[in-house]
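Me: I would like a close look at one part of this model. Please keep it brisk and spell out the cut-offs as you go.

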Amino acid sequence: MIKDILKEKRIEILASQSSKNGMVYCGDDYFFLHTEEYFVCVLADGLGSGKYAYESSHAVIEEVKSNHELDVESLMAVCNQVLIDKRGAAVSILKIFYEKNEFVYSSVGNIRFFLYNPKVDKLVYPLPVTGYLSGRKQKYRTERYKYEPNAKFILHSDGLELKGAKSFLKRQAPIDLNAKAILESSPATADDTTFILGSLLSL
């Protein structure tokens, strides 16, 4: 189900989310914010499903909302800290710096990220650190990628079975139609499902 659409002069974003078997609580949660200098986005997948999974993922989102000006590695650290005595969550955070044309990305757990640069026809897929955040000491791998005008990306939890990510990101269709095509192509799974689809616009 498409839940949020953001359209700015530099970026266009769409988020889709559905809960496992139509449950009241979705174990995934997300947040994104556009400023004049940067765009920040976080996707958290609480372990398991239901209320306690939601409590973990939502705690992560509240930390990023309150601290979005921090660098990505610091954001991962505060998210890890807030999960002490909670179930835990897979977490991915990205920041896009418009003037540098740069993505900064870090992830722990089974959330996936794809970035497509059209000029070179190249798909970037950083491998996440295995495990999940739970308050225990954790190493983070922060990666940086340059992007081109009209680059596209998708960030998704493991409830989405996305095959052929590059073919979807290469499409010239409007972002909402592309999202619908992704939903139609992915088999229904008995899991919480969230994806965030983005396009970097040329000025």
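Which residues of β10 are buried, and which residues stand opposite them in the partner strands?

Reply: This is a predicted model: local features need pLDDT of at least 70, side-chain atom pairs count only at pLDDT 80 or more, and totals for chains, interfaces and linings use all residues. Residues are numbered from 1 along each chain as its sequence is written, and side-chain values use heavy atoms, with hydrogens and water left out.

Start with the sheet. Six strands make it up, in the order β1-β2-β11-β10-β7-β8. The sheet is open, and its pairing is antiparallel. Strands here are DSSP runs of E, at least two residues long; helices are runs of H or I, at least four; both are numbered from the N terminus. Two strands pair if DSSP finds at least two bridges between them. In general, strands of a sheet pair through backbone hydrogen bonds, either parallel or antiparallel. β1 (2-7) and β8 (122-124) are the edge strands, pairing on one side only. From one strand to the next, the twist averages 15°. Such angles run from 0 to 180 degrees between N-to-C directions, with axes fitted to C-alpha atoms, for helices over the stretch in contact.

Now β10 itself. In the sheet order, β10 sits between β11 and β7. Five of its five residues are buried, meaning under 20% relative accessible area; over 50% is exposed, and partly exposed lies in between (1.4 Å probe, protein chains only). Both faces are covered. Lys152, Ile154 and His156 point to one side. Phe153 and Leu155 take the other.

Next, the partners. β7 (residues 112-117) and β10 (residues 152-156) pair over five bridges, in the antiparallel sense. Two pairs can be named. Arg112 stands opposite His156, and Phe114 has Ile154 as its bridge partner. On the β11 side, β10 again pairs over five bridges, also antiparallel. There Lys152 stands opposite Ser199.

Asp121 is found between β7 and β8. Its phi is near 55°, a positive value in a residue other than glycine. Asp121 counts as partly exposed, at 34% relative accessibility.

A helix covers part of this sheet. α4 lies across β1, β2 (11-18), β10 and β11. Contact means heavy atoms within 4.5 Å. α4 runs at about 145° to β11.

Last, the largest pocket. A pocket is an open set of points on a 1 Å grid over the protein atoms alone, where a 1.4 Å probe fits, with protein on both sides within 12 Å along at least five of seven lines; lining residues have an atom within 4 Å of a point. The largest one holds about 240 Å³ of space. That volume is the space filled by probe spheres set on the points, which are joined across faces, edges and corners. Its lining counts 17 residues. Asn150, Lys152, Arg171, Ala173 and Ser199 lie nearest the centre. β11 (193-200) gives the largest share of the lining, three residues. α4 (175-185) and β11 each supply at least two.
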